[in-house]
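Let us walk through a protein model, starting with single residues and ending with the whole chain. Keep the structure open as you read.

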Amino acid sequence: MAEHASIKDASQDLAATYKKSSSWRDYLTLTKPNVVLLLLLTALVGMALATPTWVAWQVLVPALVGIGLMSASAAAVNHLVDRHIDARMARTLRRPLPSGALSPKRVLTFAAVIGVLGFVVLAVWVNMLTAWLTLASLVGYAFIYTMYLKRATPQNIVIGGLAGAAPPLLGWTAVTNEIHPFAILLVMIVFTWTPPHFWALAVHRAKDYAKAEIPMLPVTHGIEFTKTCILLYTILLGVVCLLPYLVGMSGVIYLIGSTVLSLWFLVYAWKLKFAPQQHTAFSMFKFSIWHLMILFVLLLVDHYLVLPPMSSF
């Protein structure tokens with residue numbers, strides 16, 4: 001109780017300190033730029049894999065801008081909805097809303113403006129299929145996951161992870177204006193990657209989630225059960241990552257690289273379950289980000305080393 005009171009008092013002090021000092025950095029923080037950049041990388045790979053040549057800039061630029069703006073809008077809504085939770089967690093205490101740097105009204109206006117702008121960009125300069133799918137992804141993450149699932153079930157990140165896994169599909173539809181099984185396969189990779197990625201962080205921050213009364217898996221079922229789930233999902237992820245090669249979507253470069261990444265990920269999961277040290281969970285979380293990034297770069301490199309070189313850019 002004393003610790004909770006101190007966090008609450010700190011939040012109030014920060015609100016008084018930062019209330020009049022908002023800047024562009026606060027708005028940038030709202031967009032979760034590192035997360036959005038990773039999503040845009042997967043969207044870019046989705047676009048590239050949909051064509052044997054490089055993506056024409058007339059599609060590439062508006063697609064990335066539109067997807068990026070709507071992803072940033074979803075992130076801002078996430079900040080808005082979670083502001084009371086963020087004020088109770090040491091990791092998120094200094095975010096713009098709990099610190100008082102930005103008001104809820106400003107954040108809502110900002111999220112609405114960039115979200116509408118992103119939809120218009122996609123609808124006018126890309127295609128309506130991509131615009132509507134991106135909107136569905138925004139609603140899934142910002143509202144269904146953040147407002148309901150996150151507070152309702154320990155499987156929140158599994159169910160809600162589908163919204164975060166959509167960017168490769170959005171990239172594919174931006175180029176082809178159709179949904180293809182290969183695009184769904186890319187979504188499956190990100191979807192399967194999400195639970196071990198996020199649960200590793202949840203294990204590291206289990207006490208914070210317990211204080212905020214968020215039913216993350218380590219809080220509801222215990223840390224050891226969560227570690228077992230992480231290990232099983234990591235094995236499943238390794239299998240799913242083989243599928244692009246098995247269905248002829250990628251070649252040997254991707255096969256070798258993805259196998260190394262999967263084994264490395266599995267080592268982290270095994271260590272977390274059977275021989276954890278103080279920062280093993282957080283180290284696994286950080287590695288998982290590099291895992292997804294390098295995996296999609298491998299898809300891109302493999303695609304253009306096997307297929308004709310870039311010619312239409």
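Start with leucine 44, which sits in helix H3 (residues 33–49). Helices (H or I, at least four residues) and strands (E, at least two) are DSSP runs, numbered from the N terminus. This is a predicted model, in which local features need pLDDT of at least 70, side-chain atom pairs count only at pLDDT 80 or more, and totals for chains, interfaces and linings use all residues. Residues are numbered from 1 along each chain as its sequence is written, and side-chain values use heavy atoms, with hydrogens and water left out.

Leucine 44 has a relative accessible area of 18%, so it is buried. Buried means under 20% relative accessible area, exposed means over 50%, and partly exposed lies in between (1.4 Å probe, protein chains only). Which residues does leucine 44 touch, leaving aside its neighbours within four places in sequence? They are Trp54, Leu60 and Leu64. Contact here means heavy atoms within 4.5 Å. Tryptophan 199 is 155 residues from leucine 44 in sequence, and their C-alpha atoms are 26 Å apart in space.

Now find asparagine 78 in helix H4 (residues 57–81). Its relative accessibility is 2%, so asparagine 78 counts as buried. Its side chain makes a polar contact with the side chain of lysine 32, at 2.7 Å. A polar contact is a pair of N or O atoms within 3.5 Å; within protein, one must be able to donate a hydrogen and the other to accept it, and residues adjacent in sequence count only if both atoms are side-chain atoms. Setting aside neighbours within four places in sequence, asparagine 78 is in contact with Lys32, Tyr141 and Thr146.

Next comes helix H9 (residues 156–164). Its buried residues are Asn156, Ile157, Val158, Gly160, Gly161 and Ala163. They pack against helix H8 (128–152), helix H10 (167–176), helix H11 (181–204) and H14.

H14 (residues 223–246) also meets helix H15 (residues 252–274): their axes come within 9 Å and cross at roughly 175°. That makes H14 roughly antiparallel to H15, a term for angles over 145 degrees. Axes are lines fitted to C-alpha atoms, for helices over the stretch in contact, and angles run from 0 to 180 degrees between N-to-C directions.

Finally, step back. The protein chain has 16 helices and zero strands. Its C-alpha atoms fill a box of roughly 65 × 50 × 30 Å, taken along the principal axes. Buried residues make up 52% of the 313 residues.

How values were computed: Parallel < 35°, antiparallel > 145°, perpendicular 65-115°, else oblique.
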